[in-house]
Every structure is written in structure tokens, then in C-alpha cells.
Amino acid sequence: MATTTVSAPAGSGPWQLARAELRRRTSVKISLAVVALFVIMAVAAPLLSSLGGWGPEEFDKSAVDPYLGGQPIGPLGGVSAEHWLGVEPVTGRDLFARVLHGAQVSLLIAFAATAIVVIAGVAAGTAAGYFGGRTDAVLSRLMDLTMSFPSLIFMIAMMSVARDVNRIMLMTAVIGLFGWPGIARVVRGQTLSLKHREYVDAARVGGAGPWRILTRDILPGVAGPVIAYTTLIIPGMIATEAALSYLGVGVRPPTPSWGQMIADSVAFYDTDPMYFVIPSTCLFLTVLAFTLLGDALRDILDPKGSRT
């Protein structure tokens, strides 16, 4: 089957070629639009919910029928001009406001945990690959030890015993604690291949110190795989936060979370399916968009890694 090549001006660098390839792919454009939509929803959640007229913790008892077990009044889970996505059964809380603030919580935890993972992983991977010897041995064993833990079980245990703490900060730290070895191994392998290149040897002979070599020569060389890997980490972080909240050890009510909303909707899926469909669709679209975007970036920025 014939392959389509991207035409780029002469002298274009790898980043220019990558941008041209990303612009060519329809799936990337759609994924970027979905990601941008949910990021805007998360950032502007207070403003958008105020436009809807309801906060995420406000109760509207007039929107539910007390004689039918608190079922929303009206079609599609109470969708109306007053409640754009309907309301929660029993409580009458506005689903539009709770979905917006749930996106804020989910993306905040996912992005913050990803930042911890990337910083720790890049630091450990470059140090292990560049310095080698005892440093490599210690860091590699630490990576193996961390990856050997059943991370989800330990996350549940750590989140369950912690009380009276900021749940968002705790979840961010716990998720980040178990996520860094994967990217550290990728960076270590890239660093091992780069530290023997001619330009690195030339910098070393020219009197450049380890810090200068790492920041000026090694890190730019591993930037492509790191960016691609980072984009693939984010959907996993979003799913992990949703899973912990679904199991009841994540953020606690009344703080909204997509996983928490999905867990609460299980009891009403047969009488009010919209309560289950709306947060589930948001979670599915966000994870899918980040996954497709990450796959495209990996194919372009790290083609060798995508074939392994």
C-alpha cells in the first residue's frame, strides 16, 4: 500500500516536520479539539457553571420527584432550560456544573501527577544512563523495586488509611510515586545511546561539565520520546484517578469527580441512564483523545520506539 509523505520546505528540522505531519492527520485534529474542549471546561468551570445558574454542590429539590424515589422530573434525566444536562437523582444537583468541576479535578490530578512522573523519571533516567556504574545500578534497582509493587493495591491502601488530608494533593503524590520508573527506563536507554555520540565526546573534550552536557546535549536528544511518552501517560492518570474515586478512596463528596459520579450512577442506571452516560462519555472521550494524540506523537517523534 502506498504511503503518503509530507512535503516540507528544504531545511526543515524534525520539529517542523512533526508539526506538518500532525496537521495532516485528521485524527490528531479531532483529538486536539476534544482535549482543548475539556481543558477549557476544566479551567473555566466556575464561570461556565455560573452561566448555567447552578453550583456543583447546590441542591434543587424541585427538580426531583420525592414520590418516585427522587427521580429527575422531565425527560433524559431532567434535561431542561434550567438544567442543561439534567440533575442527579435524589439530590437534584446540576449535572452540568458537576461534570465541569469533575473535569477540573480529574485533569488537575492527571496533569500534576504526570508532571511529577516526568520530572522524576527524566532526572533518574538521565542520571542512570549518563553516569553509569554504581549510580546506574542503584537507580535501576529502585526502578525494578517500584515497578514490582502491585501499584493499584498500594494506592488503595495508602488512600484508605490517610485521613484529614487534602485528597487531591494526596492522590497526585500517590499516583506519581508509582508512575516514574516507566519513563525513567525510556530516558535511560536514550541517554545510553546519546552519551557516546561524537558531539557529546567533543563537548566533553572541550571541557564541558556533566551538567552542561546533560542540559545542552542529552536532554534535547531525549525530548521527542519524552513528549510522546508524556502524552500517553496522561490518559492512564485520568483513568487511575477515576478508578480510585469509583472505588471510594479518591476525592470525597461533595467534591465532584467523574469516577465518583459513575459509581453513584450504578444504582440508577436502569431508571436514569443519563446519570451514567454523561460522566462516562466525558471520561471515555478524554482518555480516547489523549491516547490517539499520544500514539500519533510517538509515531512521529519516536518511530523506533513505536515499532518495539
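User: Which helix gives the largest share of the lining of the second largest pocket?

Analyst: That's H11, with 5 residues. Keep in mind that this is a predicted model. Helices H6 (133–148), H7 (151–161), H9 (180–194) and H11 (210–246) each put at least two residues into that lining. The pocket's volume is about 270 Å³, and of its 16 lining residues, Ile175, Phe178, Gly179, Gly182 and Met237 come closest to the centre.

User: What makes up the lining of the second largest pocket by class?

Analyst: You get 10 nonpolar residues, 6 polar ones and no charged ones.

User: Which residues of helix H8 are buried, and what do they pack against?

Analyst: In H8 (residues 167–177), the buried ones are Arg167, Met171, Thr172, Val174, Ile175 and Gly176. To be called buried, a residue needs under 20% relative accessible area. Those H8 residues pack against helix H5 (95–131), H7, H9 and H11. At the start of H8, Asn166 has a side-chain oxygen within 3.0 Å of the backbone nitrogen of Ile168, and the cut-off for a polar contact is 3.5 Å.

User: How many aromatic pairs are there, and why is Phe111 with Phe290 called edge-to-face?

Analyst: The count is 7 aromatic pairs. For Phe111 and Phe290, the ring centres are 6.1 Å apart and the planes sit at 75°. Pairing needs centres within 6.5 Å, and edge-to-face needs planes over 60 degrees apart, so this pair is edge-to-face. Phe111 belongs to helix H5 and Phe290 to helix H13 (residues 273–301), so the pair ties together parts 179 residues apart in sequence.

User: Are Phe111 and Phe290 buried or partly exposed?

Analyst: One of each. Phe111 has 32% relative accessibility, so it counts as partly exposed. Phe290 has a relative accessible area of 6%, so it is buried, given the cut-off of under 20%.

User: Which residues do ring pairs link into a cluster?

Analyst: Phe149, Phe154 and Phe178. You've already met Phe178 among the residues closest to the centre of the second largest pocket.

Technical notes. Residues numbered from 1 in each chain as written. Predicted model: local features only at pLDDT ≥ 70, side-chain atom pairs only at ≥ 80, totals over all residues. Heavy atoms only, no water. 1 Å grid on protein atoms, 1.4 Å probe; cavity = no way out; pocket = protein on both sides within 12 Å on 5 of 7 lines; lining within 4 Å. Points joined across faces, edges and corners; volume = space filled by probe spheres on them. Helix = DSSP H or I, 4+ residues; strand = E, 2+ residues; numbered from the N terminus. Nonpolar A, V, L, I, M, F, W, Y, C, P; charged D, E, K, R; others polar. Buried < 20%, exposed > 50% of the residue type's maximum accessible area, 1.4 Å probe, protein only. Contact = heavy atoms within 4.5 Å. Polar contact = N/O pair within 3.5 Å; in protein donor to acceptor, adjacent residues only side chain to side chain. Phe/Tyr/Trp six-rings, centres within 6.5 Å; stacked < 30°, edge-to-face > 60°.
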